[in-house]
Amino acid sequence: MKVGLTLLKPHLIQAGVPAAGKVVLGTVKGDLHDIGKSLVGMILEGAGFEVINLGTDVGPEKFGEAVRMNKPQLVGMSALLTTTMQNMKATLEALEDLGVRSQVKVMVGGAPLTAAFAKEIGADGYAADASRAVALTKSLL
Ligand code: B12
C-alpha cells in the first residue's frame, strides 16, 4: 500500500488535486508502537490528506513545534500502552500552553483508548480503527 501511494502521489500533484487537509500524526512519548498509527496515516493519505508522520516516542514539545511549523488542521495521537495514554493529556496541555490548541482539532486512537477517555482529556474525537479515523477526520474538518 505504501508503494502504491508513493506511485500515485506525483500524479495527484501533477493533476493539481488539492489536499483535503493537513494532518500531523505521531505516537506519544514513551511509546514505540507504530503499526496502527502508520496504517491510519496511509489510509488518510489514500483519502487525499497530507500527512506529516512524526514517528514514535513523540514528546509534547515536538507535537507543539510540528503544529507551529506545519499549521495542520488536525493532530492525531496514538498510544498502545496504558502507561503512555496519559501523555496525550500532557500533549494537549502543551498545545494549550503554546497557544495553538484552538487552531487544530485533535483526535486520538490506539487499542487501550475509549471515546470516554478522549472526552475526559479534552480531545475532539476518538476512532477505533483506520477507516473510522478517516470518517472522523472528515467530520472534524
Ligand atoms: C506489535 C506489538 C509490539 C511491537 C511494536 C512494533 C511496532 N513497530 O509498532 C514491539 C515488539 C516493539 C512491542 C513492544 C512493547 N509492547 Co507491544 N504490542 C504489540 C501488539 C502485539 C500489536 C500492536 C499492533 O501493532 N496492532 C496492530 C495495529 C494495526 O492495531 P492498533 O495498533 O490497535 O491500531 C489500530 C487502532 O488502535 C487505531 N489507531 C491506532 N493509532 C491510532 C491513532 C489515531 C489518531 C486514531 C484515530 C486511531 C488509531 O487504528 C489502527 C488501525 O486500525 C500489541 C497487542 C495487541 N493485540 O494490541 C502489544 C501490546 C500493545 N504491547 C504491550 C507491551 C506491554 C509492550 C512492551 C512494554 C513489552 C516490553 N515489556 O518490552 C513494549 C513497549 C515498548 C514501548 N516503549 O512502546 C502490551 C500493552 C499492555 C498495556 N496494558 O499497556 C500489549 C497490549 C500486549 C499485551 N497483551 O500485553 N509491542
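Is T27 buried or exposed, and what is its relative accessible area?

Tutor: T27 is buried, with a relative accessible area of 0%; buried means under 20% relative accessible area, exposed means over 50%, and partly exposed covers what lies in between, computed with a 1.4 Å probe on the protein chains only. Please note that this is a predicted model, in which local features need a pLDDT of at least 70 and side-chain atom pairs count only at pLDDT 80 or more, while totals for chains, interfaces and linings use all residues. Residues are numbered from 1 along each chain as its sequence is written, and side-chain values use heavy atoms, with hydrogens and water left out.

T27 belongs to strand β1. Strands (E, at least two residues) and helices (H or I, at least four residues) are DSSP runs, numbered from the N terminus. Setting aside residues up to four places away in sequence, T27 touches H33, D34, K37, G55, T56, D57, V58 and S78, where contact means heavy atoms within 4.5 Å.

H33 is found in the loop that runs between β1 (22-27) and α2 (35-46). The NE2 atom of H33 is the single protein donor to the cobalt atom of the ligand, at 2.3 Å. Donors are N, O and S atoms within 2.8 Å of the metal (3.2 Å for Na, K and Ca), and sites may look incomplete because water is not among the atoms.

T84 sits in the loop between β3 (74-78) and α4. Its side chain makes a polar contact of 2.7 Å with the side chain of D31. A polar contact is a pair of N or O atoms within 3.5 Å; within protein, one must be able to donate a hydrogen and the other to accept it, and residues adjacent in sequence count only if both atoms are side-chain atoms. Beyond its neighbours within four places in sequence, T84 is in contact with V28, K29, G30, D31 and A79.

K89 and E93 both lie in helix α4 (residues 86-97), four residues apart, or about one turn of the helix. They form a salt bridge whose closest N and O atoms are 3.7 Å apart; a salt bridge is a side-chain nitrogen of Lys or Arg within 4 Å of a carboxyl oxygen of Asp or Glu. K89 is partly exposed at 34%, and E93 is partly exposed at 42%.

The structure holds four salt bridges in total. Another of them joins E65 to R68, with the closest N and O atoms 3.2 Å apart. Both residues lie in helix α3 (residues 60-70), three residues apart, again about one turn of the helix. E65 counts as partly exposed at 37% relative accessibility, as does R68, with a relative accessible area of 41%. The side chains of R132 and D129 also meet in a salt bridge, at 3.0 Å from N to O. D129 is partly exposed, at 29% relative accessibility.
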